[in-house]
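Colleague: Hi! I'm new to this one, could you walk me through it?
Modeller: Happy to, let's bring it up.

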Amino acid sequence: MLRHLVNGAVGGALATAAMSTVMVAGQRAGLMGDQPPKRIVRAILPGHPRKPKPGEGVLATVAHFAFGIGSGALFGALTRGRGRVPLGVLYGLAIWYASYAGWVPKLTTLPSAHRDRPGRQAVMAAGHVVYGLALANAVNRLDHRATETP
């Protein structure tokens with residue numbers, strides 16, 4: 001069980017890095033506006049929820065990776081290291097849906113997915129697909145390495 005949690009956490013870190021690449025590409029293409037992790041951290045920090053705050057970029061990166069690592073650990077534990085790629089993709093999309101149709105709009109940081117700018121949600125959905133693909137691949141590879149006999 002611990003091995004699956006750790007492998008999932010490592011996979012979550014790798015998958016978050018892959019997803020972040022999609023998000024940066026979407027921002028450079030002009031589809032994103034502010035990155036959602038930055039908007040979420042901005043809303044949580046003291047002060048006006050929509051005004052930029054010192055250090056929010058670094059905190060957003062840390063929070064994004066912490067969320068991705070935690071979600072990866074949960075995936076590793078739930079699948080016991082045997083999460084197939086389609087399941088990983090569904091898992092990534094479930095995280096996207098629960099976040100952008102659920103708790104993120106409740107923070108009033110971004111509108112719900114169906115009311116947000118289409119480009120941002122397309123990038124975020126694609127990013128979560130990439131997260132799920134990378135997560136499942138990493139967890140499977142890490143589990144395979146751990147069970148190989150020398």
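Colleague: Which residues in α3 meet which ones in α4?
Modeller: Keep in mind that this is a predicted model. On the α3 side, Phe67, Ser71, Leu74, Phe75 and Thr79 take part. They meet Leu87, Gly88, Tyr91, Ile95, Ser99 and Trp103 in α4.

Colleague: And by class, how many nonpolar, polar and charged residues does that contact have?
Modeller: The contact of α3 with α4 has 7 nonpolar and 4 polar residues, and no charged ones.

Colleague: At what angle do α3 and α4 pack?
Modeller: The angle is about 135 degrees, and the axes of α3 and α4 are 12 Å apart.

Colleague: Is the crossing of α3 and α4 left-handed or right-handed?
Modeller: That crossing is right-handed.

Colleague: Switching to rings: how many aromatic pairs does the structure hold?
Modeller: There are 2 aromatic pairs. One of them joins phenylalanine 67 and tryptophan 103, which are tilted, with 6.1 Å centre to centre and 45 degrees between the planes.

Colleague: Where do those two sit in the chain?
Modeller: Phenylalanine 67 is in helix α3, residues 56-79, and tryptophan 103 is in helix α4, residues 85-106. They are 36 residues apart, so the pair links distant parts of the chain.

Colleague: How accessible are phenylalanine 67 and tryptophan 103?
Modeller: Phenylalanine 67 has 42% relative accessibility, so it counts as partly exposed. Tryptophan 103 is partly exposed too, with a relative accessible area of 37%.

Colleague: What about the rings of phenylalanine 75 and tyrosine 91?
Modeller: Their centres are 5.0 Å apart and their planes are at 45 degrees, so that pair is tilted. Phenylalanine 75 is in helix α3 and tyrosine 91 in helix α4, 16 residues apart.

Colleague: Are phenylalanine 75 and tyrosine 91 buried or exposed?
Modeller: Both phenylalanine 75 and tyrosine 91 are buried.

Colleague: New topic: where does valine 139 lie?
Modeller: Valine 139 lies in helix α5, which spans residues 118-147. Its relative accessibility is 1%, so valine 139 counts as buried.

Colleague: Which residues is valine 139 in contact with, leaving aside its neighbours within four places in sequence?
Modeller: With those neighbours left aside, valine 139 contacts Asn7, Gly8, Phe75, Gly76 and Gly81. Valine 139 and phenylalanine 75 are 64 residues apart in sequence, yet 8.7 Å apart in space, C-alpha to C-alpha.

Terms used: Residues are numbered from 1 along each chain as its sequence is written. This is a predicted model: local features need pLDDT of at least 70, side-chain atom pairs count only at pLDDT 80 or more; totals for chains, interfaces and linings use all residues. Side-chain values use heavy atoms; hydrogens and water are left out. Rings of Phe, Tyr and Trp (its six-membered ring) pair if their centres lie within 6.5 Å; planes under 30 degrees apart count as stacked, over 60 as edge-to-face and the rest as tilted. Helices (H or I, at least four residues) and strands (E, at least two) are DSSP runs, numbered from the N terminus. Buried means under 20% relative accessible area, exposed over 50%, partly exposed in between (1.4 Å probe, protein chains only). Axes are lines fitted to C-alpha atoms, for helices over the stretch in contact, and angles run from 0 to 180 degrees between N-to-C directions. A crossing is left-handed if the near helix is turned anticlockwise from the far one by less than a right angle, and right-handed if clockwise. Contact means heavy atoms within 4.5 Å. Ala, Val, Leu, Ile, Met, Phe, Trp, Tyr, Cys and Pro count as nonpolar, Asp, Glu, Lys and Arg as charged, and the others, Gly among them, as polar.
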